[in-house]
Amino acid sequence: MEKHPQLAKFGAAAYANLKGKLPNIFPRIMGPNCAKYLQEVVASGLTSDMVARFETTFAQAHGVKHCMATPGCTPALAVLAAAFEFQPGDEVIVSSVTDYGTILGLLVENYIPVFADTAPGTVNISAETIERCITDRTRAILVVHKTGLICDMDPILALAKKHHLIVYEDACQAVLGKYKGRLAGTMGLAAGYSFDSEKTMGSDMGGCIITNDDVVAERCRFMGHSRGATMKPDFGRTHTARGYAYRMPLCTAAVTLAQFEISPDAVAKRDRMVRLLSALIGKIPGIISLPIPDYVTVYSAWMFGFSIDPKAFSCDARTFAAQLVEEGIPGAGLGQYYLMPESMVYLQEKAAKKIYPYSKPPASRDYHYGPETCPTAHAFMEHFIRWCTFCEKYEESHCAMAAEIIRRVAERNRK
Ligand SMILES: Cc1ncc(COP(=O)(O)O)c(C=O)c1O
């Protein structure tokens, strides 16, 4: 074990040294009401209803009954996993290309993540790739709208209905994105969001759960906010379940509410810019822009990404990306750590050694995680270059500049 592991850098710190000719997402554009809402919290002596205000506003904007604010999406999805009450060893099918935060809650509950491969040519899973993973132990499908591209939800929902499975959404990267006019996060039973500082609705930290289901909402509040506790007269809290105290702080709610107010414009701008830049680079031979299907009616693009055709260039994607950085695209690089079957060494070991819940019982079969688990995702991510500095600060001129940089690097390395 490494003695002094390099400390992870978050938010602005991770982006601080990124230089280039194109915008950096930091410093973030802050909503005009941010200071006012923060001042309200301070002036109230911490009695403000800021969290409830954020929750009500977010729920109403999504046309759902319930929103529950959390300190992030990792907690939001952990609360949902706890709320669902599956059994240890039950399987949840989940996107293979995602963030650790998507799956932590599954591990805490001793559910078994089964990673669905991505559909060819994209970063998302599909009904077809999910169907191959369904077993008698499958209980739910957790979809991730990666980069902000919404998964093709109608076939996924139909498949889930056929097999009596819950669908829920990790909408972290797709806030206010739309699928056939329907908002991300409103298509499954529930959804989790992230308002981490680098996310589209960057608010320092924060997240939330939304759902239209009264039972799920009640259970989330019990497991997520109330520490799984019920009140016993003349005694106080008794803990009847292993619940969390994952509440959003008032000051975070103030920032989050202010950021939400500017998010529709920010998302509309990202949608326009991602489509423009995709179209521009699509004209460069050997450069394959990430397909934006017609069903993605609003592409709330958190990051920008494209693939290179390895047959067209004499260098690999890593070298290509490094040259993009040199030419002025801050943060361009590969995102192979998003490949969960490969990055989750912890799971690989547990599954190989059949450590609980991989022991039988509660598991019903053997599991294995590695590059061969999801070969399409593995192959795709080898040639996929992305940068998370893409944001609403982009103008048409920036798209032209980015496309020109990609064209120059492409010509330099063309076979
Ligand atoms: C798809 C996805 N899910 C979950 C998370 C975790 O969100 P948070 O940092 O708010 O816990 C992230 C964060 O990067 C993410 O991108």
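This is a predicted model: local features need pLDDT of at least 70, side-chain atom pairs count only at pLDDT 80 or more; totals for chains, interfaces and linings use all residues.
**Exercise 1. Positive phi**

Find the backbone angle and the exposure of L46 and R227.

Solution. Step 1: Most residues other than glycine have a negative phi, and most peptide bonds are trans.

Step 1: L46, not a glycine, has a positive phi of about 65 degrees. L46 is in the loop between α2 and α3 (50–62). A residue is buried if 20 or more other C-beta atoms lie within 10 Å of its own, exposed if 12 or fewer, and partly exposed in between, with C-beta atoms placed from the backbone. L46 has 10 other C-beta atoms within 10 Å and is therefore exposed.

Step 2: R227, also not a glycine, has a positive phi of about 60 degrees. The loop that holds R227 runs between α8 (214–225) and β10 (229–232). With 15 other C-beta atoms within 10 Å, R227 is partly exposed.

**Exercise 2. Strand β1**

Is strand β1 (residues 66–70) enclosed or open to the outside? Work out its burial and its pairing.

Solution. Step 1: Five of the five residues of β1 are buried, so the strand is largely enclosed by the rest of the structure.

Step 1: H66, M68 and T70 point one way from β1, while C67 and A69 point the other way; all are buried.

Step 2: Two strands pair if DSSP finds at least two bridges between them. β1 and strand β9 (residues 207–211) are joined by five bridges in the antiparallel sense. Within this pairing, A69 has C208 of β9 as its bridge partner.

**Exercise 3. The sheet β12-β14-β15**

Give the strand order, the edges and the helix that lies across this sheet.

Solution. Step 1: The open sheet has three strands in the order β12-β14-β15, paired antiparallel.

Step 1: β12 (287–289) and β15 (384–387) are the edges; each has a single partner strand, so one side of each lacks a neighbour in the sheet.

Step 2: Neighbouring strands are turned by 30 degrees against each other on average, direction ignored. Axes are lines fitted to C-alpha atoms, for helices over the stretch in contact, and angles run from 0 to 180 degrees between N-to-C directions.

Step 3: Strand β14 (residues 304–308) is joined to β15 by four bridges, and F304 has W387 in β15 as its bridge partner.

Step 4: Helix α9 (residues 250–282) lies across β12 and β14, at about 155 degrees to β12. Two residues are in contact if their C-beta atoms, placed from the backbone, lie within 7 Å.

**Exercise 4. The ligand shell**

Which residues come nearest to the ligand, and which elements give two or more residues to the shell?

Solution. Step 1: Of the 14 residues around the ligand, G72, C73, T74, G101 and S194 come nearest. A residue is near a molecule if its C-beta atom, placed from the backbone, lies within 6 Å of it.

Step 1: The elements giving two or more residues are α4 (73–84) and α5 (100–108).

Step 2: The shell divides into three nonpolar, eight polar and three charged residues. Ala, Val, Leu, Ile, Met, Phe, Trp, Tyr, Cys and Pro count as nonpolar, Asp, Glu, Lys and Arg as charged, and the others, Gly among them, as polar.

Step 3: G101 is one of the buried residues of α5, with T102, I103, G105 and L106.

Terms used:
Residues are numbered from 1 along each chain as its sequence is written.
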